[in-house]
Amino acid sequence: MSLEDTRIKIDAIDQQLIRLLNERAELVHVIGEIKKKDGLDIYVPGREEKLLRKLCELNSAQQGLLTEKAIRAIFREIMSAALALENSMKISFLGPAGSWTHQVAINKFGNSVSYVAEASTEGVFSRVACQGVDYGVLPIEHSTEGAVHHTLDHLVDSELQIYAEILWKVETVVMAKGDVASVKVIYGHPQMLAQCRPWLGQCYPHATLIESASSSLAATHAESEPGTAALGTPLSAELHGLRVLSTSPREHATRARFIILGRRSGAPTGHDNTMLMVHARDRVGALLEVLQVFASRNVNVRQIENRPVPGDLTGEQARFFLEISGHHEETSLQETIHDLTAQGAKVKVLGSYPAPGWVEER
Ligand SMILES: O=C(O)C(=O)C[C@]1(C(=O)O)C=C[C@@H](O)C=C1
């Protein structure tokens, strides 16, 4: 087939795609109206994940040429446009623009919704609480740094809930105005520089590594100082008009978890996790007693994080964050919470959300 004939065929397929996408959009509009009438959530992460998995299965069953990553990215944008049709959706994130959290938020919600950068975790919490945005995105755990305590502590004092969770593979890029040979200095956040030092040493053996207070500041240096580069996200490179010169090798990528903060938990999907805060008196065997309650109700504890209780100068209190398999509306979890409370512990549900089975990456 000639080039011209092939392009004619592509044009015909694109016409069909446009017709089908608009047919889909009309159905989404109907769903949006039903949701508004019934007071339901517009964004349904459980439904989205199910749909994406089904589409990827369909693609591999048809032995399609497109990768799973490509299918997800295409349908991410289709669903982002759908969300924007149903409601003018607004998302706040821990900034500045170009931060990891911004990158993650765009990857999750797509380019058709609007974003608001917040300078602090408090800012994201208050923006969601005052209904200035629909959801907030915050980091909660990093595979090398551990839990993000700031986010966990804020959840305890807030009525807001974890609505969804995102697993993210952090791939750092080196960005600059010039090319690899011109890079004499690389700026980066101290944590990022520490993580990337081994491969930076191999790819840029003659460059001096300089710590900067934030990745955003590093990108600003790279933008204005010739011969310098910065470590950061691909999004930051785009925002600062810099070229991506290298990406961290897969073996140096780290994992991070982010939460989508909402004003309530999502409905059960049959495949959920729940974050609980359990507050008990600090004594020998306190954690064991708590865990025994879960074991006796056959409830799986996926993760535990121990935190000091603010204002407890005597150290008599212990606070645990537990991630549990299941939704807090399920009977087994309700009974577990009842048993813990009867035992004298204080329990707070910080949110139930679909278990993310997929590590997102750009
Ligand atoms: O199924 C729904 O509830 C929809 O609103 C449709 C749709 C989609 O585009 O498929 C859009 C947004 C939701 O987050 C999930 C799915």
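Notebook: helix packing and the ligand shell

I began with α1 and α3, which are oblique to each other (angles under 35 degrees count as roughly parallel, over 145 as roughly antiparallel, 65 to 115 as roughly perpendicular, and the rest as oblique). I am working on a predicted model, in which local features need pLDDT of at least 70 and side-chain atom pairs count only at pLDDT 80 or more, while totals for chains, interfaces and linings use all residues. I number residues from 1 along each chain as its sequence is written.

Entry on α1 and α3. I looked up the axes of α1 and α3 and found that they come within 9 Å and cross at roughly 45 degrees (axes are lines fitted to C-alpha atoms, for helices over the stretch in contact, and angles run from 0 to 180 degrees between N-to-C directions). The crossing of α1 past α3 is right-handed, meaning that the near helix is turned clockwise from the far one by less than a right angle. From α1, I listed L21, A25, V28, H29, I31, G32 and K35, which meet I78, A82, L85 and E86 of α3 (contact: C-beta atoms, placed from the backbone, within 7 Å). I sorted the residues of this contact of α1 with α3 into seven nonpolar, two polar and two charged (Ala, Val, Leu, Ile, Met, Phe, Trp, Tyr, Cys and Pro are nonpolar; Asp, Glu, Lys and Arg are charged; the others, Gly among them, are polar).

Entry on α2 and α3. I read an angle of about 140 degrees between α2 and α3, with the axes 10 Å apart. That angle makes α2 oblique to α3. I noted this crossing as right-handed too. On the α2 side I found E48, L52, L55, C56 and N59, and they meet E68, I71, R72, F75 and M79 of α3. By class, I have six nonpolar, one polar and three charged residues in the contact of α2 with α3. In the loop between α2 and α3 I located Q63. I noted that Q63 has a positive phi of about 50 degrees although it is not a glycine.

Entry on the ligand. I wrote down the residues that surround the ligand: V28, I31, Y43, V44, R47, E48, L51, M79, A82, L83 and E86 (near: C-beta atom, placed from the backbone, within 6 Å). Three helices, α1 (3-38), α2 (45-61) and α3 (68-86), each supply at least two residues of this shell (helices are DSSP runs of H or I with at least four residues, strands runs of E with at least two, numbered from the N terminus). I found the largest share, four residues, in α3. I classed the shell as eight nonpolar, no polar and three charged residues.

I found the end C-alpha atoms of residues 1-90 to lie 47 Å apart, and the span to be 80% helix and 1% strand.

Entry on a cis peptide. I found a cis peptide bond joining G95 and P96, with omega about 5 degrees. I placed P96 in the loop between β1 (90-94) and α4 (100-109).

Entry on α10 and α11. I looked up α10 (residues 286-296) and α11 (residues 331-342), which pack at an angle of about 150 degrees with their axes 9 Å apart. α10 and α11 are therefore roughly antiparallel to each other. I recorded the passage of α10 across α11 as right-handed. I traced the contact to V290, V293 and F294 of α10 and T336, D339 and L340 of α11. I counted four nonpolar, one polar and one charged residues in the contact of α10 with α11.

Conventions. Contact = placed C-beta atoms within 7 Å.
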